[in-house]
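Thanks for coming. I will walk through one model today, going from one part of the chain to the next. Please have a look at it first.

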Amino acid sequence: MRGAMIGCGKLGYPVSLAWAKFHDMVGYDVSPIAKTIEVSRKYPHLEPGAQKLLDEGSTFRIVDSMNRVIKHADIVFISVQTPHGPEYEGITRMPETRADFDYRMLRTALIEVATAAKAHKKHVTVVVISTVLPGTSARELLPLIRDNEFVSYVYAPMFIAQSTVVEDTMNPEFVLLGIDKSDARGVEEVKAFYGAMHAPEKLRFMSVASAELCKVAYNVALSIKITIANNLMEIADHTGANCDEVTDALAKATDRVISSKYLRGGMPDAGPCHPRDIIALSWLSEKLNLSHDFFGAMVRGREAQAEFIASVAQIEALAAQKERSYFPIVVLGKAYKKGTNLVIGSSAILLKNLLAESGDSCTAWDPHVDPPCTFEEPSVFLVATDHDEFYAPSFTSKLPKSSVIVDPWGKMHDIDGCKVVRVGRHRSG
Ligand SMILES: NC(=O)c1ccc[n+]([C@@H]2O[C@H](COP(=O)([O-])OP(=O)(O)OC[C@H]3O[C@@H](n4cnc5c(N)ncnc54)[C@H](O)[C@@H]3O)[C@@H](O)[C@H]2O)c1
C-alpha cells in the first residue's frame, strides 16, 4: 500500500524503514534532520536495525510538503511528539500540580493532513501513533475532522523501546487498533496495511477510547511490576531475605501470578488471605520504617474502589427515587468469591458496610449463605459476588420490572424491563 509518516523522529523514522519492506512509504517532517538521515544514510541514534535497513538501501524517502504526502498516500500515520513539561519527566520530585501532555503539535499535524486531503478531494485514513492520554481523541482530535468527509481516523499506538524499534515493530506482541466500527473504509485500510505484515490474530481491534487506555495501561502494568519488586527488595533488606530468590520464585508462578488470571475489572480484592496480608504488610511497612507504605496505599485503593462501586448504585437509586419515593439497594452476594459460602475478607460485605455507613437503605443476600428469598419491589441490585446463580435467566427473569442491575463484573446479560449497568464497559462504536 502507499503510506506516509508525518513526524520522522525517534519513532516515525525507524518504523517507516521497517514498514517500507512491505509498503511504499514516504515521510514528512518539519525538521531537516529526517532528510539529512536519508541523504547521509547514517542513523543518528544507536538503533542497529534502522542502520541495517538504511545500509540495505531502504526505499523509504522524505518528501518536502504535505501536498506530496497526500498525492502519494492512502494511509497517513502521525507520530509527532506529545511532550510533557520538564517538571513531569520523573527526574525531580513530582510537582503539586499535574498536567496533561502537550497536544499542540499533534493537533497541527492532523489539521494539516485533513486540510490537504480536503483540498485534493482525496480520502486518507489517518492513523495516530503518538502517545495520548485516555479521552484525548474525542476531546482534542476528532472535533478537528468531524466535518471532513475525506478523513477516516484510527488510533494505533505502538509498544516499542528505543534501540529495538525495528525488531519491536516487526515482531509486536500485538498490534493495537482503535477504530470506529461505523467507518468501514478506515477499518478496511488498516486491516490491509497491518495485515500485510502481521498474522490476523496479532491485530486487536477495539474502540479508540479503549486503545488510548490500553496504551498507557501497558506501561502502568510494567511500572506496577517494578514497584512490587522494589517493595520486596526493601522489605528483604530489613528482614534478611533475598529479593531475587523471591522474585525468581514468583516468576515461576505462571498459573496465577504471571498469567491472565486476576486481570479483570470487578470487585476489589477479597478473601481470607489477600486483604489481611496487605493490611499486615502495611503495619510491617510502618514498623520497618520503609520509604513508602505501598501496601497501605493498596488497602486505601481497595476501599476507594468499593466506594466507587457503591456510588454507581447510589446514583442509580437516586435517579429512580425521582419516580418512586423508595428505591432500595440490594447487594447480591456475601461470599468473598463465586461458588463459595466463605465470607471472610469479602469485598461484598465491605461494600454493604460502606453503603450502610452512608445511610443507604440496603440489604444483602447470598444464595450460598442465606435461606431462599424472592424480591418483590423494584430495587438496585448490585452484583457484588459473581455467583453463576445471579447470571442465570431463572434468577434474572424473576427480578421485579423497573429494577436496575449494577454489575461490576460486566457479565450480566440484558434483562427485559430492567436497566443493566455494566461498570466500565462502554460498548465499542
Ligand atoms: N520514541 C519512542 O520510543 C516512542 C515509543 C512509543 C511511543 N512514542 C510516542 O511517539 C510520539 C513521537 O515520539 P518520538 O520519540 O518519535 O518524538 P520525536 O521528537 O523524536 O519526533 C517527533 C517528530 O515530529 C516532527 N514534527 C512535529 N510536528 C510536525 C508536523 N506538523 N509535521 C511534520 N513533522 C512534525 C518533529 O520535527 C520530530 O522530528 C510521541 O507521542 C511519543 O510519546 C515514542
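I start with L222, which lies in helix α9, residues 208-239. When I say helix or strand, I mean DSSP runs, numbered from the N terminus: helices are H or I with at least four residues, strands are E with at least two. At 42% relative accessibility, L222 counts as partly exposed. For that wording, buried means under 20% relative accessible area, exposed means over 50%, and partly exposed is in between, with a 1.4 Å probe and protein chains only. L222 and G345 are 123 residues apart in sequence, and their C-alpha atoms are 28 Å apart in space.

Before I go on, a word on the source. This is a predicted model, in which local features need pLDDT of at least 70 and side-chain atom pairs count only at pLDDT 80 or more, while totals for chains, interfaces and linings use all residues. Residues are numbered from 1 along each chain as its sequence is written, and side-chain values use heavy atoms, with hydrogens and water left out.

Now the overall layout. The protein is divided into domain 1, residues 2-208, and domain 2, residues 299-422; these bounds come from an automatic or database domain assignment. How far apart are the C-alpha centres of the two domains? They lie 44 Å apart.

Next, strand β5, residues 124-128. It is mostly covered, with 5 of its 5 residues buried. In a regular strand the side chains alternate between the two faces of the sheet. In β5 both faces are covered: V124, V126 and V128 are buried on one side, and T125 and V127 are buried on the other.

Which strands pair with β5? Strand β4, residues 75-78, runs parallel to β5 and is joined to it by 4 bridges. Pairing here requires that DSSP finds at least two bridges between two strands. V76 has V126 as its bridge partner in β5. Strand β6, residues 151-155, also runs parallel to β5, with 5 bridges joining the two. There, V127 has V154 as its bridge partner in β6. From β5 the chain crosses through helix α6, residues 136-145, to β6, and this β-α-β crossover is right-handed. Right-handed means that, with the strands pointing away from the viewer, the path from the first strand over the helix to the second runs clockwise. β4, helix α5 (residues 104-120) and β5 also make a right-handed β-α-β unit.

On to charges. A search of the whole structure finds 19 salt bridges, each being a side-chain nitrogen of Lys or Arg within 4 Å of a carboxyl oxygen of Asp or Glu. I will show three.

One of them joins the side chains of K122 and D74, at 3.8 Å from N to O. This pair links distant parts of the chain, 48 residues apart: K122 is in the loop between α5 and β5, and D74 is in the loop between α4 (66-72) and β4. D74 counts as partly exposed, at 27% relative accessibility.

Another pairs E140 with R107, with the closest N and O atoms 3.5 Å apart. E140 sits in helix α6 and R107 in helix α5, 33 residues apart. R107 is at 29% relative accessibility, so it counts as partly exposed.

D370 is in the loop between β10 (362-365) and β11 (380-383), K334 is in the loop between β9 (329-332) and α13 (347-357), and the two are 36 residues apart. Is D370 buried or exposed? At 19% relative accessibility, D370 counts as buried, whereas K334 is partly exposed at 21%. As for networks, salt bridges that share partners join D100, R107, R139 and E140 into one.

Last, some backbone angles. Most residues other than glycine have a negative phi. S163 has a positive phi of about 85° although it is not a glycine. S163 is found in the loop between β6 and α7 (165-170), and is partly exposed, with a relative accessible area of 41%. Y262 also has a positive phi, near 65°. Its place is in the loop between α10 and α11 (274-287), and Y262 is exposed, with a relative accessible area of 59%.
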